[in-house]
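Subject: Structure handover

Hi,

Here is the structure I promised to pass on. Please open it next to this email.

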Amino acid sequence: MSHPHPLVILSGAGLSAASGIPTFRGEGGLWEGHDAMRLATPEAFAADPDLVRRFYDMRRAVVEAAEPNPGHHALAALSGALGGHGCTLITQNVDGLLEDAGAQGVVAMHGTLRRLRCHHDATHPHVEVTGPQDPAAVCTTCGGPLRPAVVWFGELPLHPDRIGLAVQAAGTFVAVGTSGVVYPAAGLARAAHAAGAHTVEINPDPTGAPWFDEVIAEPAETALPRLVDAWTADARS
Ligand code: BV8
């Protein structure tokens, strides 16, 4: 099956599953009896900022103990070989493992739990964080409370223009490791298909969405190294 360039790769939690990061709708969906989805909201932060801070401290600890897996390394090699025009890596994940693998120019549409941002104004300088967040730390610009620099439910995803342009121009759009539940991310494959891209789903438990031309029912960590070899061979020839 040919995969015309440019390539756009949208990744979800399944890309990081082999690194030991629980997926959202798998066993990791609950924490201390709370529905993780309800904790990833401005309302939860307003109601109990300490609970939400501890939730992200726990997730950050899991991420800091994790290593990129062959799926992350394959995508890093792809972005290195094809460059920004030949390949756009869009991720819903907030774990930073693609960057750890050396991927350049990752479009992290749901932000990152490795930085904190001012809760009042996202344009105030963000703060790198490793380990638990200091509950006493405040925004250096306005003194407001700090929160993880992630996009919560009900908040607008980041980089909409860059994502829109990449999706419209895609020769091949690949969705890897995502259940296709969360919008607007879940609408990107359909938009790419409508714009004429060849669309591919990589997921051991395929979603069955009708807008995928090709389905590879395989884990990311085995499918991506094989596919990236083929995609970069094209570039080498
Ligand atoms: C917005 C950061 C508007 C935080 C995340 C009703 C219908 C439709 C939409 C909505 C609705 N009600 C509300 C909405 C909107 C809402 C939404 O989509 N809700 C869903 C739940 C219905 N969306 C939003 O709120 C978005 N914003 O709409 O704003 C707006 C308009 C005006 C003004 C203001 C706002 C914001 C969404 C962003 C939320 N933040 N993350 C954090 O992480 O704590 S989303 C979160 O879910 C993660 O980022 C995660 O990546 C993402 C999606 O999940 P997946 O990545 O797909 O992971 P999941 O566990 O679901 O699936 C894993 C898959 O991997 C599975 O399919 C599995 O089979 C597969 N897998 C497992 N192992 C492997 C594998 N695949 C490959 N290899 C393996 N080894």
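Below is what I found in it, from the whole chain down to a single residue.

First, the ground rules. This is a predicted model: local features need pLDDT of at least 70, side-chain atom pairs count only at pLDDT 80 or more, and totals for chains, interfaces and linings use all residues. Residues are numbered from 1 along each chain as its sequence is written, and side-chain values use heavy atoms, with hydrogens and water left out.

**Whole chain**

The chain holds 9 helices and 11 strands. Both come from DSSP runs, numbered from the N terminus: helices are H or I with at least four residues, strands are E with at least two. The radius of gyration is 18 Å, which agrees with the value near 18 Å for a compact globule of 237 residues. That radius is taken over C-alpha atoms, and the globule rule is 2.2 Å times the number of residues to the power 0.38. Along the principal axes, the C-alpha atoms fill a box of roughly 55 × 35 × 30 Å.

Of the 237 residues, 49% count as buried. Buried means under 20% relative accessible area, exposed means over 50%, and partly exposed lies in between (1.4 Å probe, protein chains only). The chain exposes about 10,900 Å², and carbon and sulfur atoms supply 57% of that. Areas come from the Shrake-Rupley method with a 1.4 Å probe; for residues, only the protein chains shown count as cover.

Now contacts, meaning heavy atoms within 4.5 Å. Among those with a separation of 6 or more, residues 24 or more positions apart account for 65%.

On charge, there are 14 positive and 25 negative side chains. Lys and Arg count as positive, Asp and Glu as negative; His and the chain ends are not counted. The centres of the two sets lie 4 Å apart, with each charge placed at NZ of Lys, CZ of Arg, CG of Asp or CD of Glu.

**The parallel sheet**

Six strands form an open sheet with parallel pairing, in the order S5-S4-S1-S9-S10-S11. Its edge strands are S5 (107–108) and S11 (214–216), each pairing on one side only. Two strands pair if DSSP finds at least two bridges between them.

S4 (residues 87–91) pairs with S1 (residues 7–11) over 5 bridges. Leu 7 stands opposite Cys 87, and Ile 9 has Leu 89 as its bridge partner. S4 also pairs with S5, over 2 bridges. There, Thr 91 stands opposite Ala 108.

S4 is largely enclosed by the rest of the structure, because 5 of its 5 residues are buried. Cys 87, Leu 89 and Thr 91 point one way; Thr 88 and Ile 90 point the other way. In a regular strand the side chains alternate between the two faces of the sheet.

**The antiparallel sheet**

An open sheet of 3 strands runs S7-S6-S8, with antiparallel pairing. S7 (127–128) and S8 (146–150) are the edge strands. S6 (residues 111–118) is joined to S8 by 5 bridges.

**Ile 163**

This residue is found in helix H7 (residues 160–169). Ile 163 is buried, with a relative accessible area of 6%. Leaving out residues up to four places away in sequence, Ile 163 touches Ile 90, Val 107, Met 109, Leu 158 and Leu 188. Of these, Ile 90 belongs to the buried residues of S4.

Best wishes
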